[in-house]
Amino acid sequence: MDQERFVTIEEMEAATASLLENGKKVGADSWQQRVKNQTPHCGFGEAGTCCRICAMGPCRITPKSPRGICGCDVHGIVGRNFLKFTAGGAATHSDHGREIMHTLHQTKEGGNYQVKDPEKLIRIAHEWGVETEGKDIYELAHEMAEIGLMEYGKPFGVQRFLKRAPEHTQELWHKAEIEPRAIDREVATALHMTHMGCSSLPEALIRQSLRSGLSDGWGGSMMGTEFSDVMFGTPKPVDTTANIGVMEKDMVNIVVHGHDPSLSEMIVYYANDPEMIALAKSVGAKGINICGVCCTANEVAMRHGIPMAGNFLTQENVVLTGACEAIVVDVQCIFPALGPLSKCFHTKFVTTSPIARMPDSEFIRFSADNAGENAKSIVKMAVENFTNRKTDLVNIPNQVSHARVGYSLEAIVKVLDGVANSQVDTFGTTKPLLECVTSGVLRGAVAMVGCNNPKVRPDYAHIELMKKLIANDIILIVSGCSAQAAAKAGLMDPVHAKELCGAGLKRVCELANIPPVLHMGSCVDISRMMILASELSKDSGLNISQLPVVGCAPEWMSEKAVSIGNYVVATGIDTFLGVDPYVKGSSEICDLLTGEHGVKDWVEANYTVETDIEKLGDLMIERIEQKRAALGI
Ligand code: XCC
Ligand code: SF4
């Protein structure tokens with residue numbers, strides 16, 4: 001295999017090691033060091049058996065003390081912790097979606113934020129039963145924003161997006177009493193249930209976990225995805241580059257990190273401003289280079305081809321290059337470590353959201369009305385900081401891969417359909433993809449998502465599992481930090497990655513001119529995957545749970561990831577985790593989540609937790625083949 005085309009995990013680790021050496025010169029701390037300080041982790045915390053929701057505790061469950069002071073047993077404690085964890089994730093994604101709706105409400109002709117995909121707005125308006133005839137597009141956008149915002153707190157009814165699911169799925173949700181009502185209500189209900197002296201019945205806690213997960217995936221996240229597309233454009237395939245080598249030695253490097261595209265879109269816009277480029281040249285730089293980390297990277301890569309410098313556990317690496325003039329963040333997955341770390345270099349650490357305030361940062365508050373002005377001043381600050389760079393500290397490992405990204409549902413349907421579809425009310429059919437699967441050219445699909453976690457060798461699980469799956473003719477649809485792991489390794493290279501595939505998948509890649517690992521976006525965009533699964537189900541007449549499709553988060557770490565897991569399972573997709581969600585302390589909770597008669601009875605899917613990555617891959621292939629066999633294909 002040509003080493004130039006694919007970057008191996010060992011090469012990436014060597015690059016990180018050289019960056020850590022760079023950090024040592026200036027006394028920088030690192031997560032690698034902090035992991036050592038934190039190991040071993042608390043056994044009660046890891047098993048989920050510590051309760052501190054009231055001040056009689058904390059209570060820790062052991063064979064000698066099987067109940068907390070209130071009498072709660074281990075199953076109640078583990079279940080409550082799991083539900084609280086889910087609620088944290090659902091709140092976070094959904095609040096991101098809410099911010100997007102507020103931004104949509106501020107759109108105006110010629111303003112900081114505009115409607116870039118009016119067709120999509122009209123399509124959703126029709127879906128929601130909103131009159132579009134004779135309305136100015138901004139009038140419609142504001143009306144839709146208000147309706148969307150009402151979904152967060154409406155007193156009656158269930159989420160409007162649930163209607164996008166197949167009838168059968170909607171019935172399952174109804175029967176299991178897990179249809180999410182108002183988005184915020186499911187989070188509030190979860191926190192109410194987990195208050196001292198409320199629910200300790202495992203089944204009730206797990207049902208609400210699924211329900212608040214669904215309020216995220218089919219509520220808040222879906223809102224975030226759909227209306228980001230309306231404002232910033234629905235992603236289409238675009239070529240970009242990935243890995244730490246995308247930082248440019250001779251340019252002003254601005255790294256955008258976080259989640260909400262409302263910030264990064266503005267920074268990208270002003271980095272292309274001729275006035276700013278001229279300023280960069282006047283300070284001796286060749287220009288301005290924007291690159292991304294975490295989900296923000298996915299957002300701007302998919303819409304503008306902005307290079308992706310790294311993912312969750314390489315966020316410190318961008319600063320360690322000594323060539324980062326500014327790291328500009330909004331919300332979620334931002335290491336507080338970036339504050340002290342950036343102080344070791346010339347890097348400006350700029351926080352912008354009242355939701356994510358951190359010590360040792362410069363806070364420039366971002367809002368829809370000052371976005372333009374503030375983005376410009378951030379870019380200017382970064383450019384002016386170029387002269388403070390210490391050239392002897394600059395170390396940019398030369399690792400860059402090519403990647404084709406931007407496979408929104410609309411784009412996937414289009415490339416696989418091979419025909420342009422310009423109708424407003426539909427985006428085409430998934431039938432060509434289904435034909436590939438039923439004929440056996442493709443064995444199935446895996447939705448691989450989620451973070452990095454030092455408990456797993458970072459990126460290794462993502463990359464190795466993907467290689468194994470594509471070699472077995474299983475197509476990958478990925479998002480979040482998993483997507484960046486793939487891109488860094490070269491698995492999204494439209495020319496070369498197909499060499500790693502089985503014969504069937506290779507042929508599909510050639511015919512459709514796609515990489516075998518399709519970049520579907522950020523983590524809120526896992527909502528796109530839910531719609532894809534729904535469309536596959538409707539077009540095939542099968543239930544979602546019958547499709548040879550599974551979900552996987554091999555290196556997950558955040559509360560959001562558990563919320564995602566819950567809605568993916570609740571949608572009927574078996575989900576495989578490489579890290580235990582703090583539930584191993586309760587056999588009853590484990591049985592409900594992973595057994596044959598828990599969530600599986602309600603939603604036809606369940607979890608598998610396997611920390612041996614090789615085994616995790618085998619189990620997924622096995623499950624896909626079982627589903628095929630059951631269909632007789
Ligand atoms: Fe965060 Fe979304 Fe996880 Fe990456 S994958 S570490 S949650 S950036 Ni969402
Ligand atoms: Fe202990 Fe019960 Fe209070 Fe939890 S709720 S801390 S188990 S007394």
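Domain bounds in this description come from an automatic or database domain assignment. The structure is a predicted model, in which local features need pLDDT of at least 70 and side-chain atom pairs count only at pLDDT 80 or more, whereas totals for chains, interfaces and linings use all residues. Residues are numbered from 1 along each chain as its sequence is written, and chains are lettered from A and ligands numbered from 1 in the order in which they are written.

The protein chain is divided into domain 1 (47-232), domain 2 (244-393) and domain 3 (402-631). Between the C-alpha centres of domain 2 and domain 3 the distance is 31 Å. To their contact, domain 2 contributes 14 residues and domain 3 contributes 18 residues, two residues being in contact if their C-beta atoms, placed from the backbone, lie within 7 Å. On the side of domain 2 that touches domain 3, the elements giving two or more residues are helix 12 and strand 6 (308-310); helices (H or I, at least four residues) and strands (E, at least two) are DSSP runs, numbered from the N terminus. Helix 12 provides the largest share of this side, 7 residues. By class, the side of domain 2 that touches domain 3 comprises 9 nonpolar, 4 polar and 1 charged residues, where Ala, Val, Leu, Ile, Met, Phe, Trp, Tyr, Cys and Pro count as nonpolar, Asp, Glu, Lys and Arg as charged, and the others, Gly among them, as polar.

Ligand 1 lies between domain 2 and domain 3, because both give residues to the shell around it. This shell holds 14 residues, of which the closest are Cys333, Cys451, Gly480, Cys481 and Cys523; a residue is near a molecule or strand if its C-beta atom, placed from the backbone, lies within 6 Å of it. At least two shell residues are supplied by each of helix 12 (294-304), helix 19 (480-489) and helix 22 (559-570). The shell around ligand 1 consists of 8 nonpolar, 5 polar and 1 charged residues. Around ligand 2 there are 14 residues, with Cys51, Gly57, Cys59, Gly68 and Cys70 coming nearest. For ligand 2, the shell divides into 11 nonpolar, 2 polar and 1 charged residues.

Met302 is found in helix 12. With 32 other C-beta atoms within 10 Å, Met302 is buried; the term applies if 20 or more other C-beta atoms lie within 10 Å of a residue's own, while a residue is exposed if 12 or fewer do and partly exposed in between, with C-beta atoms placed from the backbone. Apart from neighbours within four places in sequence, Met302 is in contact with Pro235, Val405, Gly406, His519 and Gly521. Met302 and Cys54 are separated by 248 residues in sequence and by 45 Å in space, C-alpha to C-alpha.

An open sheet of 6 strands has the order 13-12-11-14-15-16 and parallel pairing, two strands being paired if DSSP finds at least two bridges between them. Strand 13 (517-521) and strand 16 (607-609) stand at the edges, each with a single partner strand, so one side of each is left without a neighbour in the sheet. On average, neighbouring strands of this sheet are turned by 25° against each other, direction ignored. Strand 11 (residues 444-448) pairs with strand 14 (residues 549-553) in the parallel sense over 4 bridges, and Ala445 stands opposite Val549 in strand 14. Helix 19 lies across strand 11, strand 12 and strand 13 and runs at about 120° to strand 12. Helix 22 lies across strand 14, strand 15 (575-577) and strand 16, running at about 150° to strand 15. For these angles, axes are lines fitted to C-alpha atoms, for helices over the stretch in contact, and angles run from 0 to 180 degrees between N-to-C directions.

In helix 8 (residues 183-193), the buried residues are Ile183, Asp184, Glu186, Val187, Ala190 and Met193. These buried residues of helix 8 pack against helix 4 (74-105) and helix 9 (202-232).

Several backbone features were also identified. The peptide bond from Gly57 to Pro58 is cis, with omega near -5°, and Pro58 is placed in the loop between strand 1 (50-51) and strand 2 (59-60). Gln332, although not a glycine, has a positive phi of about 70°; Gln332 lies in the loop between strand 7 (326-329) and helix 14 (338-344) and is buried, with 23 other C-beta atoms within 10 Å.
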